[in-house]
Amino acid sequence: MVPERETLRERIPSGSTAAGRPRTARLDQPGVPKHRILPEYDPEAFGRFSERIARFLGTGRFLVWMTAAIILWVAWNTLAPRDLRFDEYPFIFLTLMLSLQASYAAPLILLAQNRQDDRDRVNLEQDRKQNERSIADTEYLTREVAALRIGLGEVATRDWIRSELQDVVKELEERHNGHRHGSVVFPAERSPGRDADDR
């Protein structure tokens, strides 16, 4: 009996602050769907559809089809028998259709431009981040190359060794040429018998 009373106490809030506390929705359960008056639609699908229409409106094919339709409309309503005409000379219905087409085309074009602006903004942000990474990589490689140059400053390179060897060869050639001219540069060579005696 006592455990049931404790669980009941936990469920029902009590005290002075419990009465004034507003009841909030639980976060661990899905929310109750709200009824909407307007129909729901997928904004991404509608945006793609508007971009397709805007691309079509910006082509020469649309202008050719629209011009052909207007010429056909005007020709039918001026040359057809009077009882078959549906829009007389001031062509009020044609004006209404063209203004209706323009009133839908302008927002669709603006929507397509807004979507393109969003894509351009994302691309610019990605390009900026890529440029920052490239600059950081370049600075790192510059520091590494500078450290390698400092480290290689004390190491003998192939060109340095070659130049040193060329200097030694020139010096030996000068000594050898000096020996031919009478000046003794090298000590006298020992004879084989003297070498044997020294041993």
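**View 1. A salt bridge joins the side chains of E125 and R128, with 2.5 Å from N to O.** The term salt bridge denotes a side-chain nitrogen of Lys or Arg within 4 Å of a carboxyl oxygen of Asp or Glu. The model is predicted: local features require pLDDT of at least 70 and side-chain atom pairs count only at pLDDT 80 or more, while totals for chains, interfaces and linings use all residues. Residues are numbered from 1 along each chain as its sequence is written, and side-chain values use heavy atoms, with hydrogens and water left out. E125 and R128 are separated by about one helical turn, because they lie three residues apart in helix α5; helices are DSSP runs (H or I, at least four residues) numbered from the N terminus. E125 is partly exposed at 33% relative accessibility, and R128 is partly exposed at 40%. Here buried means under 20% relative accessible area, exposed over 50%, and partly exposed in between (1.4 Å probe, protein chains only).

**View 2. E44 and R115 form a salt bridge whose closest N and O atoms are 3.2 Å apart.** This pair links distant parts of the chain, with E44 in helix α3 (residues 43-57) and R115 in helix α5, 71 residues apart. E44 is partly exposed, with a relative accessible area of 41%, whereas R115 is buried at 15%.

**View 3. R119 and E51 form a salt bridge with closest N and O atoms 2.9 Å apart.** Distant parts of the chain are again linked: R119 belongs to helix α5 and E51 to helix α3, 68 residues apart. The relative accessible area of R119 is 32%, hence partly exposed, while E51 is buried at 7%. The structure holds eleven salt bridges.

**View 4. Helices α4 and α5 pack at an angle of about 160°, their axes 11 Å apart.** Axes are lines fitted to C-alpha atoms, for helices over the stretch in contact, and angles run from 0 to 180 degrees between N-to-C directions. The two helices, α4 and α5, are therefore roughly antiparallel, a term for angles over 145 degrees.

**View 5. A nonpolar surface patch comprises W76, L84, F86, F93, L96, M97, L100 and Y104, with about 830 Å² of accessible area together.** Patch residues have over 30% relative accessible area and no salt bridge, and nonpolar side chains (Val, Leu, Ile, Met, Phe, Trp, Tyr) are joined within 5 Å. Accessible areas come from the Shrake-Rupley method with a 1.4 Å probe. Helix α5 (residues 92-152) contributes the largest share, five residues. W76 is found in helix α4 (residues 60-79) and is partly exposed at 40% relative accessibility.

Methods
Patch = residues over 30% accessible without salt bridge, like charges linked within 9 Å, V, L, I, M, F, W, Y side chains within 5 Å. Parallel < 35°, antiparallel > 145°, perpendicular 65-115°, else oblique.
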